[in-house]
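Please read these comments with the sequence and the model open side by side. They are meant for someone who has not looked at this structure before.

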Amino acid sequence: MGSMKKTLAISYLMMALSGLSMASTVYQVGDSAGWTSMGGVDYRDWAADKNFHAGDTLVFSYNMQFHNVKQVTSQDFKTCNATSPTSTYTSGSDAINLERLGHVYFICGFSGHCQAGQKIDILVSPITSGPSPAHWPLSSRSSASSDLYFNKMYWTLSVLTLCLSQLAY
């Protein structure tokens, strides 16, 4: 019976650790500035040091009287054409789940905003096996990302404690 408990404890530990390494990340687009055409946010620079993966979430925060979020094709992104988006978001706090690999393009559909730089190209990459730096909290990530990380870490440590206590018997 003791070896069965050890096997079960090790299984729980492996599940906990794999759950930590596969944690999705929540990104606040533009960090504290949000989604805006004012304030000099360079969204290309903002995205450059981040590793986006399927399952991650982008949060666009903005004043809905002056901005929106339109998901567009590559061509419409290049030309700032907002007339035929694949999706439109207007809540002022849009959480968009990244579901597929490859480039995903977003622009503001208000006149002149995309041309002023309110546009972002997100490259969604496959998740690599095992923990990678992309899954550890960075200062440029939102507090929601850090909270998610610490909740997962707390859960993992709780499971680890349970597993180790089972090994003692």
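The numbered points below go from the overall layout to single residues.

1. Basis of the note. This is a predicted model, in which local features need pLDDT of at least 70 and side-chain atom pairs count only at pLDDT 80 or more, whereas totals for chains, interfaces and linings use all residues. Residues are numbered from 1 along each chain as its sequence is written, and side-chain values use heavy atoms, with hydrogens and water left out.

2. Layout. The protein has four helices and eight strands; these are DSSP runs numbered from the N terminus, with helices being H or I of at least four residues and strands E of at least two. Their order from the N terminus is α-β-α-β-β-β-α-β-β-β-β-α.

3. Contacts and surface. A contact here means heavy atoms within 4.5 Å. Among contacts between residues at least 6 apart in sequence, 73% join residues at least 24 apart. The accessible surface is about 9,600 Å², and carbon and sulfur atoms account for 60% of it. Areas come from the Shrake-Rupley method with a 1.4 Å probe, and for residues only the protein chains shown count as cover. Buried means under 20% relative accessible area, exposed over 50%, and partly exposed in between (1.4 Å probe, protein chains only). By that rule, 37% of the 169 residues are buried.

4. The main core. Which residues touch the most other members of the largest nonpolar core? They are W35, L58, F60, F106, I120 and I122, in a core of 19 residues. Such a core is a set of buried Ala, Val, Leu, Ile, Met, Phe, Trp, Tyr and Cys residues joined through side-chain atoms within 4.5 Å. At least two core residues come from each of α2, β3 (57-61), β7 and β8. Beyond its neighbours within four places in sequence, F106 has contacts that include W35, L58, F60, I120 and I122, as well as K70, Q71 and K119. In soluble globular proteins, nonpolar side chains tend to be buried together.

5. Another core lies apart from the largest one and has seven residues, among them V72, F77, C80 and A82.

6. The disulfide. One disulfide is found in the whole structure, the term meaning a pair of cysteine sulfur atoms within 2.5 Å. C80 and C114 form it, with their sulfur atoms 2.1 Å apart. The link joins distant parts of the chain, 34 residues apart: C80 is in the loop between α3 and β5, and C114 is in the loop between β7 (102-107) and β8 (119-125). The angle about the S-S bond is -70°, a left-handed link. C80 is buried at 15% relative accessible area, and C114 is buried at 3%.

7. Backbone angles. C80 has a positive phi near 55° although it is a residue other than glycine. D31, also not a glycine, has a positive phi of about 50°. D31 lies in the loop between β1 (26-28) and α2 (43-48) and is partly exposed, at 26% relative accessibility.

8. The salt bridge. The structure holds one salt bridge, defined as a side-chain nitrogen of Lys or Arg within 4 Å of a carboxyl oxygen of Asp or Glu. K50 and D49 form it, at 3.0 Å from N to O. K50 is buried at 9% relative accessibility, whereas D49 is partly exposed at 48%.
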